[in-house]
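I opened this model with a notebook beside me and jotted things down as I looked them up. Here are the entries, in the order I made them.

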Amino acid sequence: QQQTQLMQSSFAASLPGQQGMPQTQTLLASVRAPAKAPGQPLAPWAMPAPDIVLCFGDSLTMGPREQPAKAYPQLLEAMLQNAGHSLRVENAGQWGETTEWMLRRLPKVLQSCLSRGGRLAYVLVLGGTNDLLQGAGRRSGMAQQVLVRLQKICEGAANSAFRPKVGILTLPPVSSRHADAERLQLNAALRRLPPLLAGGG
């Protein structure tokens, strides 16, 4: 719930005429309406496919099995539509995935998303929780390993078709004390990442 609120606040901050948290505030700064002649409504067949926001991650993106409508991508799409923005939000989360598996899955996800039409404009990445939980107390330097893979995921997404802008989300708290210490370290490193991960203009 806390992560969803952060996302909603961050996206709201990026919309024209609004201010707020800087985490992803540049992602939706250039939402464009389709061009049409003055006083002339667009025919349904002439309406372009909406731009796409691709949410890529693990179970935190996929959402609860029992209540998929509460997944943050679904909540985000509803919030954007209520604000008058025609954007299609796609949920590309997968339960139980580590960043290693996310990195392997990314090309297929991008291809599948583009095959359904529309311009891939934004990619949001949330991953690493499963890595930290599985490695808690057994492997050192896990936060750095996850950081490297997340950077590769973001770079791969940013260099895909349409050069989408990419936002990376920090991780919410976890139950393991050791894993949570690694999470805080990882989040601090994510916040220091340069804005090079934002694709197209």
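**Entry 1: the overall layout**

A reminder to myself before anything else: this is a predicted model. I counted seven helices and four strands in the chain. Reading from the N terminus, I wrote the order of elements down as α-β-α-α-β-α-β-α-α-β-α. I then looked up burial and found that 44% of the 201 residues are buried. I also checked how far apart in sequence the contacting residues are. Among contacts between residues at least 6 apart, 72% join residues at least 24 apart.

**Entry 2: the largest nonpolar core**

Which residues touch the most other members of the largest nonpolar core? I found V53, L54, V125, L150, L186 and L190, out of 43 residues in that core. Next I listed the elements that give two or more residues to this core: the strands β1 (51–57), β2 (87–93), β3 (120–126) and β4 (165–168), and the helices α3 (72–82), α4 (99–115), α6 (142–158) and α7 (177–191). Helix α6 gives the most, with nine residues. That decided my next stop.

**Entry 3: helix α6**

I took the length of α6 to begin with. Its 17 residues reach 24 Å from the first C-alpha to the last, close to the 24 Å expected at 1.5 Å a residue. The buried residues I noted in α6 are M142, A143, V146, L147, R149, L150, I153, C154, A157 and A158. I was pleased to see R149 in that list, sitting among the buried residues of the helix. What do the buried residues of α6 pack against? My list has the strands β1, β3 and β4 and the helices α4, α5 and α7.

**Entry 4: helix α4**

Helix α4 has 17 residues, which should span 24 Å at 1.5 Å a residue, and its end C-alpha atoms are 24 Å apart, so the two values agree. I still found a kink of about 45 degrees at R105, shortly before the proline P107. R105 is also one of the buried residues of α4, together with T99, M102, L106, V109, L110 and C113. The elements covering them include β1, β2, β3, α5 (129–135) and α6. Just after α4, I noted that G117 takes a positive phi of about 90 degrees.

**Entry 5: α4 against α6**

How do these two helices cross? Their axes come within 9 Å and cross at roughly 5 degrees. Since angles under 35 degrees count as roughly parallel, α4 is roughly parallel to α6. I then listed who makes the contact: T99, E100, M102, L103, L106 and L110 from α4, facing V146, R149, L150, K152, I153, G156 and A157 from α6.

**Entry 6: the loop between α6 and β4**

F162 has one of about 75 degrees, and R163 has one of about 50 degrees. F162 lies in the loop between α6 and β4, and R163 belongs to that loop too.

**Entry 7: helix α7**

The 15 residues of α7 reach 21 Å from first C-alpha to last, close to the 21 Å expected. Its buried residues are A179, D180, E182, R183, L186, N187, A189 and L190. I noted that they pack against α5, α6 and β4.

L133 is found in helix α5 and is partly exposed at 36% relative accessibility. Leaving aside neighbours within four places in sequence, I found L133 in contact with V174, S176 and A179.

L60 is in helix α2 (residues 59–62), and its relative accessible area of 34% makes it partly exposed. Not counting residues up to four places away, L60 touches Y72, L126, T129 and P172. I also looked at W95: it is 35 residues from L60 in sequence and 7.9 Å from it in space, C-alpha to C-alpha.

Conventions:
Residues numbered from 1 in each chain as written. Predicted model: local features only at pLDDT ≥ 70, side-chain atom pairs only at ≥ 80, totals over all residues. Heavy atoms only, no water. Core = buried A, V, L, I, M, F, W, Y, C linked by side-chain atoms within 4.5 Å. Buried < 20%, exposed > 50% of the residue type's maximum accessible area, 1.4 Å probe, protein only. Expected span 1.5 Å × (residues − 1). Bend = angle between axes of the 7 residues up to and from the residue. Contact = heavy atoms within 4.5 Å. Axes fitted to C-alpha atoms, helices over the stretch in contact; angles between N-to-C directions. Parallel < 35°, antiparallel > 145°, perpendicular 65-115°, else oblique.
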